[in-house]
Amino acid sequence: MNLNSCIQCGTCIASCPSGRITALNTRRIIADFISSGKKVEERDEIWFCVTCYACQERCPRGIEITDTLIEARRTLVKNKGLPGRLSNAFTFLMNKAALVPAREEHVELRRKLGLPIYHAQFDEKAREEVRRIVEKHLGSVVR
């Protein structure tokens, strides 16, 4: 089913876990597409979709909402690269092997207590493995 078959029942947004806490509103995205032709890939909030497929599975019209958002993301990345924050996050991941760095005071406390440092940020082998994975899958779009 294409987006034009949407009956604006709101089931998609009611079942969206991301829509409860982010700006993602799939019903509005579809409504704007139908009413004004606004392309899905022009919506920044599509990056908030967690691809759980709840909206798509529950849509009474069988609209492939999640697949549409994923395709819109692909188009965006192909044309413009990753959005700044995502690009920064993946660059950080590539360099530090983690999206969230270890807190220095925790690392220092573990050293004082003689505990191993498990965080991948401090393991060259782990950093290299993560770097290869990010480069393999996102190398052309991470700046």
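**Salt bridges, nonpolar cores and local backbone features**

In the predicted model, Glu124, Arg127, Glu128 and Arg131 are linked in a network of salt bridges, a salt bridge being a side-chain nitrogen of Lys or Arg within 4 Å of a carboxyl oxygen of Asp or Glu. Residues are numbered from 1 along each chain as its sequence is written, and side-chain values use heavy atoms, with hydrogens and water left out. Because the model is predicted, local features need pLDDT of at least 70 and side-chain atom pairs count only at pLDDT 80 or more, whereas totals for chains, interfaces and linings use all residues.

The side chain of Arg131 meets that of Glu128 in a salt bridge, with an N to O distance of 3.2 Å. Both residues belong to helix α7 (residues 124-138), where they are three residues apart, about one turn of the helix. The pair also qualifies as a polar contact of 3.2 Å between side chains; such a contact is a pair of N or O atoms within 3.5 Å, in which, within protein, one atom must be able to donate a hydrogen and the other to accept it, and residues adjacent in sequence count only if both atoms are side-chain atoms. Arg131 forms a further salt bridge with Glu124, in which the closest N and O atoms are 3.7 Å apart. Glu128 has a relative accessible area of 31% and is therefore partly exposed, where buried means under 20% relative accessible area, exposed over 50%, and partly exposed in between (1.4 Å probe, protein chains only). Glu124, at 42%, is likewise partly exposed. When residues up to four places away in sequence are not counted, Arg131 touches Met94, Asn95 and Glu124, contact meaning heavy atoms within 4.5 Å.

The structure holds nine salt bridges. Side chains of opposite charge can pair when their charged atoms come close. Glu71 counts as partly exposed at 39% relative accessibility, and Arg74 is partly exposed at 49%.

In soluble globular proteins, nonpolar side chains tend to be buried together. A nonpolar core is defined here as a set of buried Ala, Val, Leu, Ile, Met, Phe, Trp, Tyr and Cys residues joined through side-chain atoms within 4.5 Å. The largest such core has 17 residues, and those with the most contacts inside it are Ile29, Val40, Ile46, Ile63, Ile65 and Leu69. Helices α2 and α4 each supply at least two residues of this core, and the largest share, four residues, comes from α4. Ile65 touches Cys12, Thr26, Ile30, Cys55, Gln56 and Cys59, with residues up to four places away in sequence not counted. A second, separate core comprises nine residues, including Val77, Leu82, Ala97 and Val141.

On the surface, Leu109, Leu113 and Leu115 form a nonpolar patch with about 280 Å² of accessible area together. Patches are made of residues with over 30% relative accessible area and no salt bridge; like charges are joined within 9 Å and nonpolar side chains (Val, Leu, Ile, Met, Phe, Trp, Tyr) within 5 Å. Accessible areas come from the Shrake-Rupley method with a 1.4 Å probe, and for residues only the protein chains shown count as cover. Leu109 is placed in helix α6 (residues 104-112) and, at 46% relative accessibility, counts as partly exposed.

The segment before α1 (11-14) contains Ser5, which counts as buried because its relative accessibility is 13%. The Ser5 side chain reaches the backbone oxygen of Asn2 at 2.7 Å. Not counting residues up to four places away in sequence, Ser5 touches Arg61 and Ile63.

Most residues other than glycine have a negative phi. Gln8, although not a glycine, has a positive phi of about 55°. This residue is in the segment before α1 and is partly exposed at 27% relative accessibility. A positive phi near 70° is also found for Tyr53, another residue other than glycine. Tyr53 occupies the loop between α2 (26-36) and α3 (54-58), and its relative accessibility of 26% places Tyr53 in the partly exposed class.
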